[in-house]
Amino acid sequence: MANVIQKIQLPTLVVSHNKTLAAQLCSEFRKFFPYNAVEYFVSYYDYYQPEAYIARTDTYIEKDSSINEEIDRLRLSATSSLLERKDVIIVASVSCIYGLGSPKDYKELVLKVNINEIFERDKILERLINIHYERNDIDFHRGCFRVRGDVIEIFPSYLEYAFRIELWGDEIEAISQIDPLTGKVIERRDKLIVYPAKHFVTTRDKLKSALLSIEEE
């Protein structure tokens, strides 16, 4: 299989029938392809209990679930890699066949900033909120951003490190990759693309259209 992937030179999806085998295959592919983006995409539920009704005892069982945050990060990492690179190998379970919303909307709803670009601070914050990032100036964790004057720090949902955008007025003065715990600068960047914090996103035009349809009904 590794030889076939090497020959075709295209993004590849490998589907396994369970999480355990998928994790094993992912580990092996990372050894075979150390310079490729080898991603892991499986169901993020540690536990899932669907709602049910037992007529014999007149018992209603409420739906309950527990989401694994690390697997959620890996799923988001897989989709962001597909949009950024061509040397992508995704090892997945059968959960990959379920819809994740529109790829077109997901690609459109990103935050792009470049060094020396004119971009109002409030517009950046509005864009982050629109793609499901939450402002939290105290507890800085995945899927959040914080603001300190003209400095905006973003912790993408799909990464293990964060970014800092420094503005001078409305101009992007500096973009840095930082350690989310210490705030130490890891490297400087000329540009930054931040993908949505969740898979299920939609554009404002579609939201307005849906609201109008609901009102008409």
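I call a residue buried under 20% relative accessible area, exposed over 50%, and partly exposed in between (1.4 Å probe, protein chains only). The areas come from the Shrake-Rupley method, with only the protein chains shown counting as cover for residues.

Housekeeping: this is a predicted model, where local features need pLDDT of at least 70, side-chain atom pairs count only at pLDDT 80 or more, and totals for chains, interfaces and linings use all residues. Residues are numbered from 1 along each chain as its sequence is written, and side-chain values use heavy atoms, leaving out hydrogens and water.

**Entry 1, salt bridges.** I searched the whole structure and got 12 salt bridges (a side-chain nitrogen of Lys or Arg within 4 Å of a carboxyl oxygen of Asp or Glu). For helices (H or I, at least four residues) and strands (E, at least two) I use DSSP runs, numbered from the N terminus.

I looked at arginine 164, which meets glutamate 153 in a salt bridge at 2.7 Å, N to O. The pair links distant parts of the chain, with arginine 164 in strand 12 (residues 162–168) and glutamate 153 in strand 11 (residues 151–155), 11 residues apart. Arginine 164 counts as buried because its relative accessibility is 15%; glutamate 153 is buried too, at 4%.

Lysine 206 forms a salt bridge with aspartate 105, with the closest N and O atoms 2.9 Å apart. This pair ties helix 6 (residues 204–216), holding lysine 206, to helix 4 (residues 103–108), holding aspartate 105, and the two residues are 101 residues apart. Is aspartate 105 buried or exposed? I found aspartate 105 buried, at 4%, while lysine 206 is partly exposed at 44%.

Lys86, Lys107, Lys112 and Lys191 form a positive surface patch (residues with over 30% relative accessible area and no salt bridge, like charges joined within 9 Å). Lysine 191 lies in strand 15 (residues 191–194) and is exposed at 56%.

Strand 8 runs antiparallel to strand 15, joined by 4 bridges (strands pair if DSSP finds at least two bridges between them). Asparagine 114 stands opposite lysine 191.

Key:
Patches are made of residues with over 30% relative accessible area and no salt bridge: like charges are joined within 9 Å, nonpolar side chains (Val, Leu, Ile, Met, Phe, Trp, Tyr) within 5 Å. Accessible areas come from the Shrake-Rupley method with a 1.4 Å probe; for residues, only the protein chains shown count as cover. Lys and Arg count as positive and Asp and Glu as negative; His and the chain ends are not counted. The place of a charge is taken as NZ of Lys, CZ of Arg, CG of Asp or CD of Glu.
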